[in-house]
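This briefing sets out selected local features of the structure shown below.

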Amino acid sequence: MSVVFGTPGDNGAEKGAAGSLEVWEYPGGPAGLFPDPRTMAGVHADGAFEDALAVAWNASPGRRGGRCVLWRIVVNGAPVPSAEGPSLGAAFALALRELLRRPASRRPSVAAVRGFLRGPRPRTAVTGAIDENGRLTHVGDIEDKFEAAHRRGWRLVAPRENQGDLASARDPAAIVFADDLKDAGRLARRWRTGRALVALAVVLLPAAVGTPSLISQG
């Protein structure tokens, strides 16, 4: 999932930064949400970031299913050395829902099919703190985060509480506002049309060609 940061630029450098949040399941590991020990072992995380992760995890299906999830944040191809503030809370919550909506058994299910046909919208980043009720709340440095997304040609999903901060944004169509996780998920995800067409073709093809007879017409 694409994410943005409000890292300030110095001496005329560009403000804000863009990167990606990666989450994946680690079968057999302890239940919970953990930084990837191979690449994020030395990451410095402040209390606000850790609190945001706890809220995101508690809102995910993984907490109830006892599943183990690892995460990594990458900017410019390298893991970040620190993670501060609550603004990645919404991105973590949506990424966990996307990952954990599929059952751990990997058996066919409605959730698995839906996950195959509907997924994250490309070139869309999400920023926002979340509370225990799933409401998106105000984040700082939103102008810098918008600039980071805009440089990449991304659309930004942000809390509606930040709408006034971006009233004079140079490209208003490049940002959309959400009240809660449900809104943010709707704006950050899309139907995967190509996959849907392939699935439809697989279903309809046998009917179109007919069922071959198993009786020899000798």
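Helix α5 spans residues 142–152, and its buried residues are I142, D144, K145, F146, A148 and A149. The model is predicted, and every value given here is computed from it.

- An α-helix has 3.6 residues a turn, so residues three or four places apart point the same way.
- Just after α5, G153 adopts a positive phi of about 75 degrees.

**Strand β5 and its pairing partners**

- Strand β5 comprises residues 68–75 and is mostly covered, with seven of its eight residues buried.
- With β2, strand β5 pairs in the antiparallel sense, over six bridges. Within this pairing, W71 of β5 is the bridge partner of V23.
- With β3 (residues 32–35), strand β5 pairs in the parallel sense, over four bridges. Here C68 of β5 is the bridge partner of G32.
- With β6 (residues 78–79), strand β5 pairs in the antiparallel sense, over two bridges. P79 in β6 is the bridge partner of V74.
- β5 and β6 form a hairpin with two residues between the strands, and N76 takes a positive phi near 55 degrees in this hairpin.

- D46 counts as partly exposed because its relative accessibility is 22%, whereas a buried residue must be under 20%.
- When neighbours within four places in sequence are set aside, the residues in contact with D46 are A83, E84 and G85.
- One of these, E84, is 38 residues from D46 in sequence, yet the two C-alpha atoms are 5.3 Å apart in space.
- For G85, the approach involves the D46 side chain, which reaches the backbone nitrogen of G85 at 3.1 Å.

Key: Residues are numbered from 1 along each chain as its sequence is written. This is a predicted model: local features need pLDDT of at least 70, side-chain atom pairs count only at pLDDT 80 or more; totals for chains, interfaces and linings use all residues. Side-chain values use heavy atoms; hydrogens and water are left out. Buried means under 20% relative accessible area, exposed over 50%, partly exposed in between (1.4 Å probe, protein chains only). Contact means heavy atoms within 4.5 Å. A polar contact is a pair of N or O atoms within 3.5 Å; within protein, one must be able to donate a hydrogen and the other to accept it, and residues adjacent in sequence count only if both atoms are side-chain atoms. Two strands pair if DSSP finds at least two bridges between them.
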